[in-house]
Amino acid sequence: MAEIRYMEAINRALQDGMAADENVIVMGEDVARAGGSFKATRGLLDKFGARRVIDTPIAESTIVSAAVGAAMTGLKPVVEIMFMDFITLAMDAMVNQAAKARFMFGGQFNVPMVLRTPHGGGLNAGPQHSQCLEAWFAHVPGLKVVCPSNPQDAYSLLRAAISDPDPVVFIEHKALYGKRGEVDTAIGAQIGKARIARPGRDVTIVTYGNTVHASLQAAAQLAGENIEVEVIDLRSLQPWDEQAVYESVSRTHRVVVVHEAVKSFGSGAEIAASITENVFYELDAPVMRVGSPFMPVPFATSLEAQYVIKPADIADAVRVTMAGGR
């Protein structure tokens, strides 16, 4: 298998998706001639032409609204929003139009579109270019939300998202674009299916995206303390793989949920509540959550370094739950 970067895996998935289906189009700011703000769409214009790779004005509401309309008339748009923060400008099109079209029109229309967007900090991009807003979309019936942590999943899940008959929000962490890994284009993926990134017996860490790697680093540290951590990479937040998480909890009896989004009202709260509702009697300690502090993402390097989730933060939470909780 070829080893390529996460960003290249996305580019490959777009190329293969467009080659397989002439209805797949790519839209967004600078996605054509410039190849995208992070170069994920590089080369698509030369290969597929200006009718299928479309540069748009800086108008996120218009871009997504046009994609919703195109999807309802038979195309399969893949929209790129440069930074997840700017999806706020397209919320009506996503939340009130794309998510609800199949329901409102009695199944006569569906919206087979993908909205790709990077989230996350660590690049000193400031409070308007670094947010993790995935919980907003996971809260909306009619939307699927995926967040791959490695090049293989970036490829396979994007192909699955493009093939999905309904709207999918595809979230990429900016810090992962350069991450390398083997990619087998023959491997498919199912949206809503988690994977065990590291097996363990003592504590389950439930996470997704870039914090999968911080969690694996924490697990490696804790192994030296004879604490064996199982790391579950959700890969998909809506739907999320409840069965895989509950089975892991039944093996380890302790849980830490980790994400880069702010801790308050985040995805971790939903996962923790679901665990408490469904497998409470498997727990030997309260479910712990690790998330970012409830504040805008700092711009300054020194402050952002304090803001982002570090392996030490996760390891500390694991030690607390091993001690029976606070």
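Is V111 buried or exposed? V111 is buried, with a relative accessible area of 1%. Buried means under 20% relative accessible area, exposed over 50%, and partly exposed in between (1.4 Å probe, protein chains only).

This is a predicted model, in which local features need pLDDT of at least 70, side-chain atom pairs count only at pLDDT 80 or more, and totals for chains, interfaces and linings use all residues. Residues are numbered from 1 along each chain as its sequence is written, and side-chain values use heavy atoms, with hydrogens and water left out.

**View 1. The surroundings of V111.** V111 sits in the loop between helix 5 (101-104) and strand 5 (114-119). Helices (H or I, at least four residues) and strands (E, at least two) are DSSP runs, numbered from the N terminus. Beyond neighbours within four places in sequence, V111 contacts V68, A71, M72, A98, A101, P165, D166 and P167. Contact means heavy atoms within 4.5 Å.

**View 2. The buried residues of helix 9.** V245, Y246, S248, V249 and T252 are buried. Seen down the axis, they fall within an arc of 160°, so they line one face of helix 9. The arc is that of the directions from the helix axis to the C-beta atoms. Their cover includes strand 10, strand 11 (229-233), strand 13 and helix 10. Just after helix 9, H253 takes a positive phi of about 70°.

**View 3. The buried residues of helix 10.** S267, G268, I271, A272, S274, I275 and V279 are buried. They cover an arc of only 160° around the axis, which puts them on the same side of helix 10. Among the elements covering them are helix 6 (134-138) and strand 14 (288-292).
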